[in-house]
Amino acid sequence: MKTENNSEVTEFVLLGLSSSWELQLFLFFLFLSFYIAIVLGNLLIVVTVRADAHLLQYPMYYFLGHLSFIDLCLSCVTVPKMLGDFLRQGKTISFPGCLAQIYFLHFLGATEMFLLTVMAYDRYVAICNPLHYLTVMNCQLRFQLVFACWCGGFIHSITQVILVIQLPFCGPNELDNFYCDVPQVIKLACMDTYVVEVLMVSNSGLLSLVCFLVLLFSYAVILITLRTRLRQGQSKALSTCASHLTVVSLIFVPCVFIYLRPFCSLSVDKVFSIFYTVITPMLNPLIYTLRNADMKTAMMKLSKKHVASCLLPC
């Protein structure tokens, strides 16, 4: 059986997280609960931000709504397939399905990295130039920054797919992971992939590292600025920065570890992959809502409004 690109491999076998049926059943219910939390938590933030006119006036919540939407979509790329594989013995994915996973994973992942960088700039303007914050971060600039994030994610992901789709695959076809990703896939190509690996590291690894360093520099400037300000409002700003730094660490550290090194498979890669695709999208709503009084107030107003509408007679 050959595909249109003369490759003999039409599907890949995913080794998953475990070969034990009992452990797979336990993992199914565990990750199902994670997935439900991801969907409900991020959907709640998206709906709350869109429904509350007060929140939409502030750029931070505008970006937060987009971040939750990306996390919601990102979890749908890998988690549903992983949950289905827990309940079956043969874990396979077609070649086009594998390419689709790579495309959407890197598209949404890179977009989220760019968006977090934009959010760091937003916090910098809010803390270092508070009097002109809403003037600088106006509606037009917000839209342009978010649009640029999506465009950057698209360019990054389409480059990844173009490099992978040109490789010949003639066996073996086993991927030691629960989803398709570039480091494992290119190792299965029937050719010397050194040049491709260098291009992949330059694309994904350097992107993660540069964004991470920019973010750390931004927050370092913010913290230095806070030291020179009065204590009034300082704790709230520090709390916001701490939340953002937590999210940044959970996303960028696994990406830098996985992509900024020669492509060799390590057992710990699966753990970092779980953090990147499952844990971070689940924790984002908790980090941003439980530490944010405005979000909690808006959610209470939304719930009261919904209850009132349900009690009204038809």
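Is Asp176 buried, partly exposed or exposed, at 35% relative accessibility? Asp176 counts as partly exposed, where buried means under 20% relative accessible area, exposed means over 50%, and partly exposed lies in between (1.4 Å probe, protein chains only). I shall return to this residue after an introduction.

Good morning, colleagues. The model before you is predicted, so local features need pLDDT of at least 70 and side-chain atom pairs count only at pLDDT 80 or more, while totals for chains, interfaces and linings use all residues. Residues are numbered from 1 along each chain as its sequence is written, and side-chain values use heavy atoms, with hydrogens and water left out.

Let me begin with confidence. The predictor's confidence in each residue is the pLDDT, which runs from 0 to 100. For the protein the mean pLDDT is 82, and 88% of its residues reach 70 or more. Confidence is highest in helix H6 (residues 139-165), at a mean of 92, and lowest in helix H11 (residues 293-311), at 71. Over residues 1-7 the pLDDT is below 50, and this stretch has 11 contacts in the model beyond near neighbours in sequence; a contact means heavy atoms within 4.5 Å. Where pLDDT is low, the predicted coordinates should not be read in detail.

I turn to the overall architecture. The protein has 11 helices and 3 strands; helices (H or I, at least four residues) and strands (E, at least two) are DSSP runs, numbered from the N terminus. Along the sequence, the pattern is β-α-α-α-β-α-α-α-β-α-α-α-α-α. Of the 314 residues, 49% count as buried. Among contacts between residues at least 6 apart in sequence, 78% join residues at least 24 apart.

The next topic is charge. Side chains of opposite charge can pair when their charged atoms come close. A salt bridge here is a side-chain nitrogen of Lys or Arg within 4 Å of a carboxyl oxygen of Asp or Glu, and the count comes to 5. In one of them, Asp176 meets Lys270 at 2.8 Å, N to O. Asp176 lies in the loop between strand E3 (174-175) and helix H7 (182-186), and Lys270 in helix H10 (residues 268-290), so the pair ties together parts that are 94 residues apart in sequence. Lys270 counts as buried, at 16% relative accessibility.

Another salt bridge joins Asp85 and Arg88, with the closest N and O atoms 2.8 Å apart. Asp85 is buried, at a relative accessible area of 3%, whereas Arg88 is partly exposed, at 38%. Together with Lys81, these residues are linked in a network of salt bridges. Arg123 and Asp122 also form a salt bridge, at 3.0 Å between the closest N and O atoms. Here Arg123 is buried at 10%, and Asp122 is buried at 1%.

Now the aromatic residues. The structure holds 15 aromatic pairs; rings of Phe, Tyr and Trp (its six-membered ring) pair if their centres lie within 6.5 Å. Such pairs link Phe69, Tyr103, Phe104, Phe107, Trp150 and Phe154 into a cluster.

Finally, the surface. The protein exposes about 15400 Å², and carbon and sulfur atoms supply 69% of it; accessible areas come from the Shrake-Rupley method with a 1.4 Å probe. Trp21, Leu25, Phe29 and Leu87 form a nonpolar patch on the surface, with about 390 Å² of accessible area together. Such a patch is made of residues with over 30% relative accessible area and no salt bridge, with nonpolar side chains (Val, Leu, Ile, Met, Phe, Trp, Tyr) joined within 5 Å. Leu87 is found in the loop between helix H3 (59-86) and strand E2 (92-94), and is partly exposed at 44%.

How values were computed:
Patches are made of residues with over 30% relative accessible area and no salt bridge: like charges are joined within 9 Å, nonpolar side chains (Val, Leu, Ile, Met, Phe, Trp, Tyr) within 5 Å. Rings of Phe, Tyr and Trp (its six-membered ring) pair if their centres lie within 6.5 Å; planes under 30 degrees apart count as stacked, over 60 as edge-to-face and the rest as tilted.
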